[in-house]
Amino acid sequence: MMDLISQDKTHDESRQGEALVLDPIEGKNNGRKLYIESYGCAMNFSDSEIVASILSEQGFKTTGDFNDADVVFINTCSIRENAETRVRNRLKEFKVAKGKNPGMVVGVLGCMAERLKAKFLEEEKLVDVVVGPDAYRDLPNLIDQVDSGQKAVNVLLSREETYADINPVRLNTNGINAFVSIMRGCDNMCSFCVVPFTRGRERSRDPYSIVQECQDLFNNGYREVTLLGQNVDSYKWAKQPHPTLPGGEGFEEANEQVSPTGGDLEGAVNFAGLLEMVALIHPDLRVRFSTSHPKDITDEVLYTMARHDNICKYIHLPVQSGNSRILDLMNRTYTREWYIDRVDAIRRILPGCAISTDVITGFCTETDEEHKETVSMMEYVQYDFAYMFMYSERPGTLAAKRYADDIPEEVKAARLTEIVALQQKMSHLRLQQQLGKVQKVLIEGLSKKSKDDYCGRTDQNAMMVFPKDDRFKPGMYVNVMAERCTTATLMGTIVD
């Protein structure tokens with residue numbers, strides 16, 4: 001697996017294996033310490049925030065050292081083989097710690113739970129508790145079961161659970177950017193993907209709770225939210241009884257201004273409508289979202305983005321392959337021509353919008369000519385960033401059941417090397433096109449390389465590094481002239 005040239009925080013490689021440490025809740029302390037670390041996409045890190053909220057309410061304190069913990073959880077990812085390998089290796093370390101502390105509870109959360117519960121519990125005997133993404137409310141009960149000497153499992157998937165009423169604890173945050181989950185599960189049965197089996201069917205959170213969460217974040221000093229879902233563009237909520245509307249600024253205005261097809265709160269709200277509602281909370285609240293499925297991103301969403309300056313002009317639009325036959329085998333439900341039409345619409349309605357993507361090389365039966373169509377797609381779109389992977393068969397997926405993983409590893413690797421080199425050039429080119437232009441940047445904090453520099457992202461999601469100025473602090477917006485760049489970062493100077 002290779003993850004390159006991407007600043008999309010929906011999958012931040014620097015956070016893989018990150019352990020959370022929280023301030024204890026005053027008046028709640030059961031004397032037990034919790035250690036939890038996360039792997040995978042932003043949805044997993046968002047889920048860890050939900051778990052932390054549930055267990056903090058039960059009196060757990062967090063620790064950054066698993067050797068000092070009474071309960072150890074690892075929130076897992078099944079998307080790529082190397083993610084599972086990392087988790088297994090980590091569990092072996094936890095098992096050693098448990099040998100020194102027999103009362104320790106070790107558990108697996110998230111996407112690997114359902115698929116590998118038998119191996120973890122019975123064959124390898126690495127863990128005491130296995131909990132799927134829809135069963136986190138049951139964690140206190142499951143921990144009690146383990147305390148009484150039993151193994152505990154709850155991997156039931158739900159058609160209703162969205163955790164809308166749980167206010168997530170913000171983990172290791174800079175207090176400026178936050179993820180907000182708007183939906184759970186996935187109905188897209190892409191043949192290479194395990195998500196529909198590990199996270200269940202698609203269901204959308206009600207817009208009341210989403211807008212209220214975003215309003216609360218803004219009130220607490222956050223200045224950017226990223227709306228999360230496996231496929232945000234398929235968000236759809238139908239009116240249900242609700243006692244009160246959130247009272248945040250802009251909510252009533254949003255209720256009046258949602259487009260007819262987006263619906264209002266008397267009918268249904270689609271993703272364009274939700275985007276507008278969140279954008280109207282306050283002009284200083286930046287709004288991002290991920291991920292978009294090419295089959296669902298509509299002109300209505302694009303026009304909504306164009307209407308609001310605080311909806312960032314950046315779209316993550318996974319292509320996976322540039323060849324229609326391979327896309328059909330992947331069950332992506334769109335063709336090369338459809339994808340190009342969506343890219344053309346983005347370029348027409350949102351000039352200058354950044355586009356990032358996911359690409360898989362060496363999918364089952366992919367020929368050299370079909371690979372070249374992926375290369376030509378990358379040349380046509382000129383992506384700003386990309387996640388690029390060699391295909392790895394995931395047990396239980398449609399592809400594993402239907403197709404032979406018949407492309408030699410050396411061929412996969414050669415194709416990956418080719419597109420990585422191409423994307424490096426494209427990313428550099430896209431950043432060079434920003435030179436000499438003034439960019440609005442949200443200051444996120446100090447640069448990792450220098451305490452004399454600030455860093456933050458532009459509207460198009462490019463990282464900008466620039467000298468500190470005592471007039472400005474993290475969480476403030478500044479205008480920065482882009483003066484030079486590497487293949488992944490802009491560098492500039494604040495201008496008045």
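This report describes a predicted model of one protein, moving from its overall make-up to selected residues and elements.

## Basis of the description

Because the model is predicted, local features are considered only where pLDDT is at least 70 and side-chain atom pairs only at pLDDT 80 or more, whereas totals for chains, interfaces and linings use all residues. Residues are numbered from 1 along each chain as its sequence is written, and side-chain values rest on heavy atoms, with hydrogens and water left out.

## Overall make-up

The protein contains 14 helices and 23 strands, where helices (H or I, at least four residues) and strands (E, at least two) are DSSP runs numbered from the N terminus. Of its 496 residues, 59% are buried; here buried means under 20% relative accessible area, exposed means over 50%, and partly exposed lies in between, with a 1.4 Å probe and protein chains only.

The protein exposes about 19900 Å², of which carbon and sulfur atoms supply 50%, the areas coming from the Shrake-Rupley method with a 1.4 Å probe, and for residues only the protein chains shown count as cover. Among contacts (heavy atoms within 4.5 Å) with a separation of 6 or more, 74% are between residues 24 or more positions apart.

## Cysteines and the annotated site

The UniProt record, an unreviewed entry, places the feature "binding site" at Cys41, Cys77 and Cys111. These positions are spread over 71 residues of sequence, yet they cluster in space, with a largest C-alpha distance of 10.8 Å. UniProt positions follow the numbering used here, feature names are shortened, and annotations may be inferred rather than shown by experiment.

Cysteine 41 is found in the loop between β3 (33-38) and α1 (42-57), and its relative accessible area of 26% makes it partly exposed. Cysteine 77 is found in the loop between β5 (71-76) and α2 (81-100), and this residue is buried, with a relative accessible area of 8%. Elsewhere in the chain, cysteine 214 is buried at 0%. A disulfide is a covalent bond between the sulfur atoms of two cysteines; with the rule that the two sulfur atoms must lie within 2.5 Å, the count comes to zero disulfides.

## Helix α8

Helix α8 (residues 271-279) is mostly covered, with nine of its nine residues buried. The buried residues include Phe271, Leu274, Leu275, Met277 and Val278, together with Glu276.

## Strand β21 and its partners

Strand β21 (residues 463-467) is mostly covered, four of its five residues being buried. Strand β20 (residues 453-458) runs antiparallel to β21 and is joined to it by five bridges, where two strands pair if DSSP finds at least two bridges between them. Cysteine 455 has valine 465 of β21 as its bridge partner, and cysteine 455 counts as buried at 13% relative accessibility.

The two strands β20 and β21 form a hairpin with four residues between them, and asparagine 461 in that turn has a positive phi of about 75°. Strand β21 also pairs with strand β23 (residues 489-494), in the parallel sense and over three bridges; in β23, threonine 489 is the bridge partner of methionine 463.

Most residues other than glycine have a negative phi, and most peptide bonds are trans. A cis peptide bond, however, joins serine 290 and threonine 291, with omega about 10°, and threonine 291 has its place in the loop between β15 (286-290) and α9 (299-307). Histidine 293 also lies in the loop between β15 and α9; it is buried at 6% relative accessibility, and, not counting residues up to four places away in sequence, histidine 293 touches residues including Asn188, Cys190, Asp233 and Arg332.

Threonine 365, in the loop between β17 (354-361) and α12 (368-381), has a positive phi of about 70° although it is not a glycine, and at 32% relative accessibility it counts as partly exposed. Glutamine 382, in the loop between α12 and β18 (385-390), has a positive phi near 55° and is partly exposed, with a relative accessible area of 25%.
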